[in-house]
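This report looks at how side chains pack inside a protein model and where open space remains. Please keep the structure in view while reading.

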Amino acid sequence: LLFILPGFLTFDFRGDMENLESLRLLPVSPYAIVLGELAAPVLVASCVAVPPFLILGPTLGLDPLSIGLAAVLIPAVLTFTIGLENLVFLLSPGRQSVNAGDLQGFGRNILLSLLKGLVFIGAIAVTGVLMLIGSAILGRSPAWLFVASGLVTAAAADILLIPTLARAFQRIEPTRDLTEDS
């Protein structure tokens, strides 16, 4: 759910292609627009992803601290996932669907998927390093430490991604970048 669902929830910049020019004209900071564009899909995806975990967590034997941290981790990861999807869109706007025989579009989607995968591998590596440091300090590796490490990584990634999205949004020229030829 954390990685597949965001691709289907396109009521953000990806779904507002024809409204990007109007969004740019609003007397609101780009940060507020980015947060507003991310809020709805993150909220909807969180409402889908968090309840099953809250129900299954105790069944799997997870302690309440781990379950509580995970309930916060899931929206943080979804913010990163949906934000990354939007960043890719803002950096390379245009049609996201690929028609049969469109080798250029197919290749573009493969490269973008590879890029997103590499970013996620980097985030997982940072989480692993944080967990190893925490385990060395604590002398053991409780489940909540893994979730807390993921939360720190996701929060840091979100904090870095929001200004990057705001800059990408400011740079986009809707009349030029969103033509049918892109």
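## Basis

This is a predicted model, in which local features need pLDDT of at least 70 and side-chain atom pairs count only at pLDDT 80 or more, while totals for chains, interfaces and linings use all residues. Residues are numbered from 1 along each chain as its sequence is written, and side-chain values use heavy atoms, with hydrogens and water left out.

## Nonpolar cores

A nonpolar core is a set of buried Ala, Val, Leu, Ile, Met, Phe, Trp, Tyr and Cys residues joined through side-chain atoms within 4.5 Å; buried means under 20% relative accessible area, with a 1.4 Å probe and protein chains only. The largest nonpolar core has 22 residues, of which Phe-13, Leu-20, Val-34, Leu-90, Leu-165 and Phe-169 touch the most other members. Two or more residues each come from helices H2 (20-25), H3 (30-59), H4 (64-91) and H6 (143-171); a helix is a DSSP run of H or I with at least four residues, numbered from the N terminus. H6 gives the largest share of this core, seven residues. Apart from this core lies another, of eight residues, including Ala-70, Ala-76, Val-147 and Ala-154.

Leu-90 touches (heavy atoms within 4.5 Å) Phe-13, Leu-165, Ala-168, Phe-169 and Ile-172, leaving aside residues up to four places away in sequence.

## Largest pocket

A pocket is an open set of points on a 1 Å grid over the protein atoms alone, where a 1.4 Å probe fits, with protein on both sides within 12 Å along at least five of seven lines; lining residues have an atom within 4 Å of a point. Of its 21 lining residues, Leu-73, Val-77, Thr-127, Phe-146 and Gly-150 are the closest to its centre.

H4, H5 (103-138) and H6 each supply at least two lining residues, and H6 supplies the largest share, seven. The lining has 17 nonpolar residues, four polar and no charged; here Ala, Val, Leu, Ile, Met, Phe, Trp, Tyr, Cys and Pro count as nonpolar, Asp, Glu, Lys and Arg as charged, and the others, Gly among them, as polar.

Note on methods:
Buried means under 20% relative accessible area, exposed over 50%, partly exposed in between (1.4 Å probe, protein chains only).
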